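Look at the model first, then read the points.

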Amino acid sequence: MRYLVTLFWTFVLGQVVGYLGSSLTGATYDFQLTTIISLVTGVVILLIGTITPAPEKTSHN
């Protein structure tokens, strides 16, 4: 479930960034390219999360 949520939010935020970036630079907004870039970014974020080691839990007694 967390993978779907991550991909959903990278899609939504990627579209916002793509639209604003194209508006600010005067370029045309490309939905397909923005979707591909945002979902690839989401997959990379998920891969980084699974590759990095989890922090060790310490007890403070």
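Phe11 is partly exposed because its relative accessibility is 26% (buried means under 20% relative accessible area, exposed over 50%, partly exposed in between, with a 1.4 Å probe and protein chains only). This is a predicted model: local features need pLDDT of at least 70, side-chain atom pairs count only at pLDDT 80 or more, and totals for chains, interfaces and linings use all residues. Residues are numbered from 1 along each chain as its sequence is written, and side-chain values use heavy atoms, without hydrogens and water.

**Aromatic pairs**
- The structure has three aromatic pairs (ring centres of Phe, Tyr and Trp, its six-membered ring, within 6.5 Å; planes under 30 degrees apart are stacked, over 60 edge-to-face, the rest tilted).
- One of them joins Phe11 and Phe31 edge-to-face, at 6.2 Å centre to centre and 85 degrees between the planes.
- This pair links distant parts of the chain: Phe11 is in helix H1 and Phe31 in helix H2, 20 residues apart (helices are DSSP runs, H or I, of at least four residues, numbered from the N terminus).
- Phe31 is partly exposed, at 45% relative accessible area.
- Tyr19 and Tyr29 are edge-to-face, because their centres are 5.6 Å apart and their planes at 80 degrees.
- Tyr19 is partly exposed at 47%, and Tyr29 is partly exposed at 34%.

**Buried residue**
- Thr34 lies in helix H2 (residues 31–51).
- Thr34 is buried, with 12% relative accessibility.
- Beyond its neighbours within four places in sequence, Thr34 contacts Gly14, Gln15, Gly18 and Tyr29 (heavy atoms within 4.5 Å).

Key. Helices (H or I, at least four residues) and strands (E, at least two) are DSSP runs, numbered from the N terminus.
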